[in-house]
Amino acid sequence: MNLTFIGTGYVGVITAAVFADFGNQVFGLDIDKKRIKTLKKGKVPFYEPQVEEFLKKGLASGRLKFTNSYKESIPKSEVIFICVGTPQKESGEVNLDYVYKASKQIAPHLKDGTIIAVKSTVPPGATDQIKKIIKKITSKKFSLASCPEFLREGQAIEDTLHPSRIIIGAEDKKTIQVLLDLHKPINGKTIVCDIRSAQMVKYAANAYLATKVSFSNSIARICDKVDADAKLVMDGLGFDPRIGRQFLYPGLGFGGSCFPKDTAALSFLAKSVGYPLKIIDVAKEVNRKQIDYVYKKINRLAKGVKGKTIGILGLSFKPNTDDMREARSTLLIEKLQRNGAKIKAHDPVAMKNAKKILKKVTFTPNPYQTAKNSHLLVIVTEWNEFKKLDFKRIKKLMKTPIVVDGRNIYEPERIKRLGFTYEGIGRK
Ligand SMILES: NC(=O)c1ccc[n+]([C@@H]2O[C@H](COP(=O)([O-])OP(=O)(O)OC[C@H]3O[C@@H](n4cnc5c(N)ncnc54)[C@H](O)[C@@H]3O)[C@@H](O)[C@H]2O)c1
């Protein structure tokens, strides 16, 4: 089948490369000239395990091509996937400008019978608007669908090959059948539904997961107060199959390119239909305050951060990615700097992107250089590299041996036994 993926960000590049691997003829299309040049050379413009291998294979087979031209790709495509960004407006509402602009650009080149499937996260109603935009420009027949994307950065290839579920929202039987056939090589449960339900699934899923994170952070804060151990409490909760262990990891809260903006968009949508989603608003508020909570811990243990050097381990919003969008590290570092702390930091892959955002930070080539002469070390992102550090060596390097484990990756007893002052999030 001939396909075009519009927008070659995380979602577009990864799904395009995987669908080419399944034997389809695929175009990855972007307005960003530099990005397309990079992709044509077989280089991935971001850090994501396994993608380069799929990209190179696709290019070598001739089944995967990249272009800046709608004219080149759209007339050849039977299915077009819209994968452009849907950021947040200041009001919280989703900004659909990129989706509508892409729709306008598709329209003049459409051939009869094309399916336009939206992978970008958009609210119910967005596809009606897309239909209007395209119909104004062309009389060609096309059908719309919603195929929301659930891949997780850091494990995106695995998630694309083996997703927890495939959601196909479409209006007519033929479109549903084409999309079902296209997804056949993928190993995952499939749900076929109407477009609006498909779009709601994505928002509901992210809102639920974000709420779960904030719930675990709230329970951990109580644990801190009543001298209970949040890790054991989360085990006790999470091993109940009705609850599940995932996302019950207290820490610095959620960030990234999806949860913050998608919860804001759902909250905005809920208010606009007259049913404010207080539960989501509270989850967001808990998440916002979690930075203050960890900051206060740091400030107390460092006996005031003014003039102190704080070492930060981990900058990306989660491990195995260099994505700094809404990373918790930025909020924490800015707060520490506002209060007079000097910052040293290390991240295995995100320092290049972090340098574009963070000012007056000393970036170091490894965690030991971060620890050197620091008064306190904070774990901000739970990279595997940080789980087995040589703490005897770190103790010798630090000015004062204090660790705030913002992701609960260490056993408190072990670190304390080595002579550190240690605090996790809700850990004894
Ligand atoms: N990143 C994720 O983990 C993830 C997971 C699931 C769903 N999503 C959703 O998928 C969508 C895309 O996310 P992303 O992280 O891949 O975005 P991204 O910001 O990484 O990439 C978007 C790309 O679209 C391109 N673009 C913008 N306008 C265009 C146009 N008119 N024509 C062609 N290209 C255009 C941009 O140049 C950019 O390369 C969003 O709605 C997001 O919420 C993202």
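Predicted model: local features only at pLDDT ≥ 70, side-chain atom pairs only at ≥ 80, totals over all residues.
**Aromatic rings**

A pair of aromatic rings is described by the distance of the centres and the angle of the planes.

- Let us start with Phe-5 and Phe-19, whose ring centres are 5.8 Å apart. Their planes stand at 35°, so the pair is tilted: stacked would need planes under 30 degrees apart, and edge-to-face over 60.
- Where in the chain do Phe-5 and Phe-19 sit? Phe-5 belongs to strand S1 (residues 2–6) and Phe-19 to helix H1 (residues 10–21), so this pair, 14 residues apart, links distant parts of the chain.
- Phe-5 has a relative accessible area of 0%, so it is buried, a word used here for values under 20%. Phe-19 has 1% relative accessibility and therefore counts as buried.
- Phe-391 and Tyr-410 give an edge-to-face example, with 5.0 Å from centre to centre and 85° between the planes.
- Distant parts of the chain are linked by this pair too: Phe-391 is in helix H16 (residues 391–397), while Tyr-410 is in the loop between strand S13 (402–405) and helix H17 (412–417). The two residues are 19 residues apart, and both Phe-391 and Tyr-410 are buried.
- Ring pairs also build a cluster, which links Phe-5, Phe-19, Phe-22 and Phe-81.

**Charges over rings**

- Arg-165 places its charged end over the ring of Phe-150, 3.8 Å from the ring centre.
- Arg-221 has its charged end over the ring of Tyr-293, and here the distance to the ring centre is 4.1 Å.

In soluble globular proteins, nonpolar side chains tend to be buried together.

- Leaving aside neighbours within four places in sequence, the contacts of Phe-5 include Ala-16, Phe-19, Val-26, Phe-27, Leu-29 and Phe-81.

**Pockets and cavities**

- The second largest pocket has about 310 Å³ of space. It is lined by 14 residues, and the closest to its centre are Asn-287, Arg-288, Glu-326, Arg-328 and Leu-331.
- Helix H12 (278–301) and helix H13 (328–338) are the elements that give two or more residues to the lining of this second largest pocket. The largest share, 6 residues, comes from H12.
- How much space lies in the largest cavity? The answer is about 150 Å³.
- The largest cavity has 15 lining residues, and Lys-119, Glu-149, Pro-163, Ile-166 and His-183 are the closest to its centre.
- Two or more lining residues of the largest cavity come from each of H1, helix H7 (156–161) and strand S7 (165–170). S7 has the largest share, with 3 residues.

- Several residues of H13 are buried, among them Arg-328, Thr-330, Leu-332, Ile-333 and Leu-336.
- What covers the buried residues of H13? The cover includes H12, strand S9 (309–313), strand S10 (342–346), helix H14 (351–357), strand S11 (361–363) and S12.
- H13 is followed by Gly-340, which has a positive phi near 90°.

**Two single residues**

- Thr-381 is in the loop between strand S12 (376–379) and H16. Is Thr-381 buried or exposed? With a relative accessible area of 1%, Thr-381 is buried.
- Beyond neighbours within four places in sequence, Thr-381 is in contact with residues including Leu-313, Ser-316, Lys-318, Phe-386 and Arg-407.
- Leu-237 lies in helix H10 (residues 230–238). Not counting residues up to four places away in sequence, Leu-237 touches Phe-215, Ile-243 and Leu-248.
- Leu-237 and Ser-216 are 21 residues apart along the chain, and 9.9 Å separates their C-alpha atoms.

Notes: Residues numbered from 1 in each chain as written. Heavy atoms only, no water. Phe/Tyr/Trp six-rings, centres within 6.5 Å; stacked < 30°, edge-to-face > 60°. Helix = DSSP H or I, 4+ residues; strand = E, 2+ residues; numbered from the N terminus. Buried < 20%, exposed > 50% of the residue type's maximum accessible area, 1.4 Å probe, protein only. Lys NZ or Arg CZ within 6 Å of the ring centre and 35° of its normal. Contact = heavy atoms within 4.5 Å. 1 Å grid on protein atoms, 1.4 Å probe; cavity = no way out; pocket = protein on both sides within 12 Å on 5 of 7 lines; lining within 4 Å. Points joined across faces, edges and corners; volume = space filled by probe spheres on them.
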